Amino acid sequence: MEDKKVSIIVPIYNAEKYLKATVESILAQTYKNIELILIDDGSKDLSGAICDEFAEKDDRVKVIHKQNDGVSMARNDGLNAATGDYIGFVDADDTIKPYMYERLVKAIEKYNAQMAMGSYDKVEVYSGKVTTVEIPYANSGDKTVVDSVIFQMAFWNCRRNGLAMPTIYGSTWPNLYLASIIKENKLYFDKQIVLGEDMLFNLKYLLLIDKISFVKESLYEYNMFSSSATRGKRPKLWEQYLTLLKEQHELLKDRFHYDGDYTYNMHFQVINFATGVIEEQICPAKDMSFGQKLKGIRQITSSKEVREALKGLKGFPLSNKDKVKFVCFKLKFNLAIYFWLNH
């Protein structure tokens, strides 16, 4: 099985505190035919030196030092440097199980698939709490399953064929890709997208394949260093969400334009994003007065995108909770929205 090489790309920026554990977990893989590409994206700490130390000790390690240009361009540099048959991604502050790539390669080759996806653990570093996020499929699936994965990745709490479906998060790291598909189709991460760039890369890839395999076992440890309660403010988050939705629609419209589920989920996603921005960014903001918060909510509920989404959802079945929410948005009950979401 190990005649195929796996290129593992790790973008790095000021990660000296966690980088050794990350690299050691990759080099300890039971699947030995790997190429580890460490991209030092202009780090100002000792990350670059740590990369060089590993390269001196293990000839499977390649290091690229560059000026800081963001995670997307760092990954793209890794893609250009990769010589493997398969491509994987790891973040510089996470760790992976020793059998991760053995399991993913086996899943691709057993089912003659073009991509493998695995489950992962969310590790709350400061509390030690571990939650396993299990991939909601087993073994492998054809194009019908690929389409379902696209829906579950593109839309939060999506509905398909009348059923609620669990979200599949759009991260690249619990997956394994065929290098040939990436290179032949010139797939890259979009530097201009600062929110959801992983998901868009995955969607581009998924649209090109017709068979996917799954590993139910947890393979990756995603380290979380803060809770939602301490998440920092993200300027222009609403605008970033709208940009993401636009790019997503451009990718998916030709494949799903005939699909009523697609129309429903696209509109519902706008309301989900609007709710999330109000709840996570506006309501708890300490640098905004009460009047400024209401103004921010008003700008969202009055936006063209929200009004079009509400209009587009007319006639679709909604839960009682969603009906109340949609009425508040439709009638611009901004004060009610504030008190409802400011919990």
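Student: Leaving out residues up to four places away in sequence, which residues does Thr 301 touch?

Tutor: Contact here means heavy atoms within 4.5 Å. By that criterion, and not counting residues up to four places away in sequence, Thr 301 touches Val 306, Arg 307, Phe 329, Lys 332, Asn 334 and Ile 337. Please keep in mind that this is a predicted model, in which local features need pLDDT of at least 70 and side-chain atom pairs count only at pLDDT 80 or more, whereas totals for chains, interfaces and linings use all residues. Residues are numbered from 1 along each chain as its sequence is written, and side-chain values use heavy atoms, with hydrogens and water left out.

Student: Is Thr 301 buried or exposed?

Tutor: Buried means under 20% relative accessible area, exposed over 50%, and partly exposed in between, with a 1.4 Å probe and protein chains only. Thr 301 has a relative accessible area of 0% and is therefore buried. Thr 301 belongs to helix H10, residues 290-301, where helices (H or I, at least four residues) and strands (E, at least two) are DSSP runs numbered from the N terminus.

Student: Which backbone oxygen does the side chain of Thr 301 reach?

Tutor: A polar contact is a pair of N or O atoms within 3.5 Å; within protein, one must be able to donate a hydrogen and the other to accept it, and residues adjacent in sequence count only if both atoms are side-chain atoms. In this case the side chain of Thr 301 reaches the backbone oxygen of Arg 298 at 3.3 Å.

Student: What is the setting of Asp 52 in helix H2?

Tutor: Asp 52, in helix H2 (residues 47-57), is partly exposed, because its relative accessible area is 31%. Leaving aside neighbours within four places in sequence, Asp 52 is in contact with Val 63 and His 65, and a polar contact of 2.8 Å joins the side chains of Asp 52 and His 65.

Student: How compact is the protein as a whole?

Tutor: The secondary structure comes to 13 helices and 12 strands. The radius of gyration, taken over C-alpha atoms, is 21 Å, close to the 20 Å that the globule rule gives for 343 residues, so the protein is as compact as a globular protein of that length. That rule is 2.2 Å times the number of residues to the power 0.38. Buried residues make up 51% of the 343 residues, and among contacts between residues at least 6 apart in sequence, 79% join residues at least 24 apart.
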